[in-house]
Amino acid sequence: MSAPTFHESAVKVRGGDAGRLTRALAEQGIIAGLDLGRIDARRRDELLIAVTERHSRADLDRLVAGLAGFTG
């Protein structure tokens with residue numbers, strides 16, 4: 001995305017369905033982010049991720065592993 005960010009980024013989801021991704025990661029106890037398709041159907045392949053000081057390195061590693069393991 002080309003806009004400035006502050007603790008948030010929108011990322012494209014492998015497989016094109018952010019809703020499926022968020023449900024799959026929720027089953028693993030991971031809150032992945034906001035499925036932007038819930039706001040605008042044209043953005044169903046995008047996930048808004050927010051990272052703050054409350055997230056530990058272990059939290060981020062777990063999120064990254066969950067994203068990497070999602071096959072869509």
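Residues are numbered from 1 along each chain as its sequence is written, and side-chain values use heavy atoms, with hydrogens and water left out. Because the model is predicted, local features need pLDDT of at least 70 and side-chain atom pairs count only at pLDDT 80 or more, whereas totals for chains, interfaces and linings use all residues.

The protein chain contains two helices and three strands (DSSP runs numbered from the N terminus: helices, H or I, of at least four residues; strands, E, of at least two). Their order from the N terminus is β-α-β-β-α. The C-alpha trace spans about 30 × 30 × 15 Å along its principal axes. Of the 72 residues, 25% count as buried (under 20% relative accessible area, with a 1.4 Å probe and protein chains only). Among contacts between residues at least 6 apart in sequence, 65% join residues at least 24 apart (contact means heavy atoms within 4.5 Å).

The largest pocket holds about 300 Å³ of space (a pocket is an open set of points on a 1 Å grid over the protein atoms alone, where a 1.4 Å probe fits, with protein on both sides within 12 Å along at least five of seven lines; lining residues have an atom within 4 Å of a point). The volume is the space filled by probe spheres set on the points, which are joined across faces, edges and corners. Of the 15 lining residues, I31, A32, A50, H55 and L63 are the closest to the pocket centre. The elements giving two or more residues to this lining are β3 (46-50) and α2 (57-69); α2 gives the most, with four residues.

D17 is located in the loop between β1 (8-12) and α1 (18-26). With a relative accessible area of 16%, D17 is buried. The D17 side chain reaches the backbone nitrogen of G19 at 3.1 Å, and makes a polar contact with the side chain of R44 at 3.0 Å (a pair of N or O atoms within 3.5 Å; within protein, one must be able to donate a hydrogen and the other to accept it, and residues adjacent in sequence count only if both atoms are side-chain atoms). When neighbours within four places in sequence are left aside, D17 is in contact with R44, D45 and F70.

Terms used:
Buried < 20%, exposed > 50% of the residue type's maximum accessible area, 1.4 Å probe, protein only.
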